[in-house]
Amino acid sequence: MAAGGSYSIVEYFGGDSGYRCGYCKNEKGNFSHGMWSHTMTVQDYQDLIDRGWRRSGKYVYKPVMNKTCCPQYTIRCHALDFQPSKSHKKILKKVTKFLSKGEMPVGQSDGCDGLFKEIRGFLEPLASSLQRTVAMAAGIFLSGEQMDSAFGEGGYVPTLEPMKIQQAECPILPSNTEINRDTRPASAETSRDEQTSPTGPRPVPKPGVGADPSRPQCRKAKELRKERRLQKEQQRWQDESSLTGPNPAPVNLASNQPKTIEDFIADSLQDDPLHRLEVRLVPVSFEDPGFLTSYKQSAALYASYQMAVHGDSPFECDESQFKRFLCDSPLEAETSPDGPDGGYGSFHQQYWLDGYIVAVGVIDILPSCVSSVYFYYHPDFASLSLGSYSALREIAFTRQLQKQSPKLCYYYLGFYIHSCPKMRYKGQYRPSDLLCPETYVWTPIERCIPRLDISAYARLNEDTKAGDAGALKDLGRVLVLHRRTVMPYSVYARKRKGSSDEREVEQYASLVGQTSTERVLLYRP
């Protein structure tokens with residue numbers, strides 16, 4: 001039983017049918033187990049994702065790893081030990097440059113539009129079958145009476161107006177055909193007085209053209225590198241001498257430390273930037289004023305993103321889809337004396353730029369981690385690599401929460417798909433681990449990649465004798481909810497008459513593990 005006397009309640013659906021894969025486009029290659037979660041505690045969901053489960057709205061699913069065409073491995077990053085890579089630093093600097101000077105990169109993106117979009121690709125068939133009967137269309141794409149019927153009178157929300165982006169000024173050079181041949185400098189072999197051409201003597205270059213005698217001559221890059229190397233060695237020798245001499249100098253450790261994510265974020269918070277970026281954390285609750293007032297704008301942004309990036313039709317990304325996919329959550333908000341100040345549960349991390357929401361990260365804050373669910377942004381800002389930028393900000397956020405809750409030290413990036421090259425970018429957030437699909441033991445990704453290079457599905461635990469420590473041991477102790485009464489499965493089985501459902505309950509219990517079966521209620525009609 002969870003704190004406060006609440007239970008998690010799930011309804012297991014099984015999973016044998018093959019669906020279309022959102023990665024390799026195999027029409028029947030995607031296999032998963034699924035269950036509908038009516039309500040769930042944060043600790044129970046933490047235990048489930050540590051056994052390979054993930055959620056989409058209230059639907060919780062687990063890939064059939066040895067059967068599906070694109071095996072999906074749960075991945076987590078050690079947030080406290082994370083150091084941004086060279087590419088991560090470029091992204092952080094790119095956003096800082098945009099905020100301070102308004103310079104927008106052209107034709108660049110991080111290659112991961114919609115970070116953690118595997119949920120959508122994995123559940124396209126399910127979403128279609130569950131939601132095709134919904135008749136409401138998104139008000140932002142309708143007009144007149146249709147808007148009033150969809151959102152109520154006056155409920156129309158305009159899409160985000162295009163922002164005026166200040167481009168960096170760059171001098172315009174004339175084309176080759178515009179260059180006057182007679183203004184070219186003379187060759188070194190001919191003096192200025194002797195310059196001639198078939199049409200007569202060439203004019204003397206204007207003063208200032210050519211080498212500046214007051215400046216030193218250019219040096220080869222090789223010589224400059226050698227000189228810098230010698231200077232570094234000399235400085236290192238002086239530093240070592242100062243530490244080992246009779247009067248050793250104090251060591252300034254801060255000057256030798258690489259810049260952290262927090263340092264890069266602080267760089268973007270200048271006193272008078274051209275654009276102001278604010279990140280707000282709002283709980284996913286229609287009782288929260290911040291969430292309620294920004295709901296329409298956030299839904300409009302989601303629709304704009306889905307149509308521009310994923311090619312969805314208005315019906316596929318209307319407000320009902322947005323609510324089902326990114327607002328409906330089974331997680332119950334909880335607080336704890338040793339937990340984060342804002343509590344546990346589902347949240348939207350909104351990126352406000354100059355008064356507009358330009359991106360939203362959907363996250364779950366759990367006892368041991370921040371789990372990323374989905375990310376969407378305004379298509380006009382694709383060149384800023386906001387998908388990767390948001391992941392870096394969420395890692396920094398995890399580190400911030402860890403100061404309040406010591407156990408909360410991991411950042412879960414969803415699924416790592418080695419067989420899909422476009423989904424390998426998650427492995428760049430190091431140090432990180434992958435979850436073994438057979439023993440549910442975390443293994444450093446560096447040791448997993450050689451195995452995954454050989455086979456898309458692999459047992460990642462290197463201990464060949466290890467088994468599933470949380471495996472089902474006693475089916476009779478599985479808790480079920482039958483006719484509003486909580487009882488062990490052994491009692492339920494005696495009461496039930498007719499065909500037995502023991503095989504289905506056993507499959508469910510083996511997937512969620514013995515510990516969870518004794519806390520989570522399995523609904524039985």
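**A sheet and a helix pair in a predicted model**

Let me begin with strand β1 (residues 8–14), which runs parallel to strand β17 (residues 520–523) and is joined to β17 by three bridges; helices here are DSSP runs of H or I with at least four residues, strands are runs of E with at least two, and both are numbered from the N terminus. Within this pair, S8 stands opposite V520 of β17.

Residues are numbered from 1 along each chain as its sequence is written, and side-chain values use heavy atoms, with hydrogens and water left out.

Both strands belong to an open sheet of seven strands with mixed pairing, in the order β3-β4-β2-β1-β17-β15-β16, where two strands pair if DSSP finds at least two bridges between them. At the edges lie β3 (54–56) and β16 (485–488), each pairing on one side only.

Turning to the helices, the axes of α2 (residues 86–101) and α10 (residues 386–402) come within 10 Å and cross at roughly 100°, the axes being lines fitted to C-alpha atoms over the stretch in contact, with angles from 0 to 180 degrees between N-to-C directions. The two helices are therefore roughly perpendicular, a term covering 65 to 115 degrees. Their contact (heavy atoms within 4.5 Å) is made by H88, I91, L92 and V95 of α2 and S388, Y389 and L392 of α10.

Finally, the chain as a whole has 14 helices and 17 strands.

Notes
This is a predicted model: local features need pLDDT of at least 70, side-chain atom pairs count only at pLDDT 80 or more; totals for chains, interfaces and linings use all residues. Angles under 35 degrees count as roughly parallel, over 145 as roughly antiparallel, 65 to 115 as roughly perpendicular and the rest as oblique.
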